[in-house]
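Subject: Structure handover

Hello,

Here is the structure I promised to pass on. Please open it beside this message and follow along.

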Amino acid sequence: MAQKEGGGRVKTGDHLGAKVIAGAPTAGGGVVVEVREKKGPLRAAIPTMPFPLAVICLFLNTFIPGLGTFISAFTVLCGARSELISERGVCCVFWLNVAAALIQILTAVIMVGWIMSIFWGMDMVILAISDGYRDQGLPQDV
């Protein structure tokens, strides 16, 4: 069931994206050290915005599919971070967000775009919350 990959990792068919170290115990025969969700380029392009703005984008995406995603594209130009900016640049990430918004708008008629739009807004809020916890940190000695 499990195959050993290079670098001491065990590849299992059940845990997609999971990195497992060989030799330590788990239910499948290894210890999960790190689990990363593999995101496509559109999903990785979602910007990390301030929490209030992310909530506004979620609200807009809920009632007018794609509008919150379209607005979030402009936050990339204003300095919002994204996982893809280091790889593809700000301009490409902006256009990926605009493309996601257009997909949501065009497919909203068949409900797919509306559902996608709501999930997109939820991801924006989740990213804003997780970034807020990361920024809090512990007090540092001066």
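This is a predicted model: local features need pLDDT of at least 70, side-chain atom pairs count only at pLDDT 80 or more; totals for chains, interfaces and linings use all residues.

**Salt bridges**

How many salt bridges does a search of the whole structure find? The count is three.

Take lysine 39 and glutamate 83. Their side chains meet in a salt bridge, at 2.9 Å from N to O. The two residues come from distant parts of the chain, 44 residues apart. Lysine 39 sits in the loop between strand 4 (30–35) and helix 1 (41–44). Glutamate 83 sits in the loop between helix 3 (67–77) and helix 4 (85–88). Both ends are partly exposed: lysine 39 has a relative accessible area of 29%, and glutamate 83 has 46%.

Next, aspartate 123 and arginine 43. These two form a salt bridge whose closest N and O atoms are 2.7 Å apart. This pair also links distant parts of the chain: aspartate 123 is in helix 6 and arginine 43 in helix 1, 80 residues apart. Arginine 43 counts as partly exposed because its relative accessibility is 29%, which falls between the 20% and 50% cut-offs.

Then arginine 81 and aspartate 131. Here the side chains meet at 2.5 Å, N to O. Arginine 81 lies in the loop between helix 3 and helix 4, and aspartate 131 in helix 6, so the pair ties together parts that are 50 residues apart in sequence. Aspartate 131 has 9% relative accessibility, so it counts as buried; the cut-off for buried is under 20%.

**Helix 5**

Helix 5 covers residues 90–106, which makes 17 residues. From first C-alpha to last it reaches 24 Å, close to the 24 Å expected at 1.5 Å a residue. Several of its residues are buried, including Val93, Phe94, Leu96 and Asn97. Val98, Ala100, Ala101 and Gln104 are also among the buried residues of helix 5.

**A nonpolar surface patch**

Which residues form a nonpolar patch on the surface? They are Met111, Trp114, Ile115, Phe119, Met122 and Ile126. Together they have about 560 Å² of accessible area. Phenylalanine 119, one of these patch residues, is placed in helix 6 (residues 112–136). Phenylalanine 119 has a relative accessibility of 46%, so it counts as partly exposed.

Best wishes

Key. Residues are numbered from 1 along each chain as its sequence is written. Side-chain values use heavy atoms; hydrogens and water are left out. Helices (H or I, at least four residues) and strands (E, at least two) are DSSP runs, numbered from the N terminus. The expected span of a helix is 1.5 Å times one less than its number of residues. Buried means under 20% relative accessible area, exposed over 50%, partly exposed in between (1.4 Å probe, protein chains only). Patches are made of residues with over 30% relative accessible area and no salt bridge: like charges are joined within 9 Å, nonpolar side chains (Val, Leu, Ile, Met, Phe, Trp, Tyr) within 5 Å. Accessible areas come from the Shrake-Rupley method with a 1.4 Å probe; for residues, only the protein chains shown count as cover. A salt bridge is a side-chain nitrogen of Lys or Arg within 4 Å of a carboxyl oxygen of Asp or Glu.
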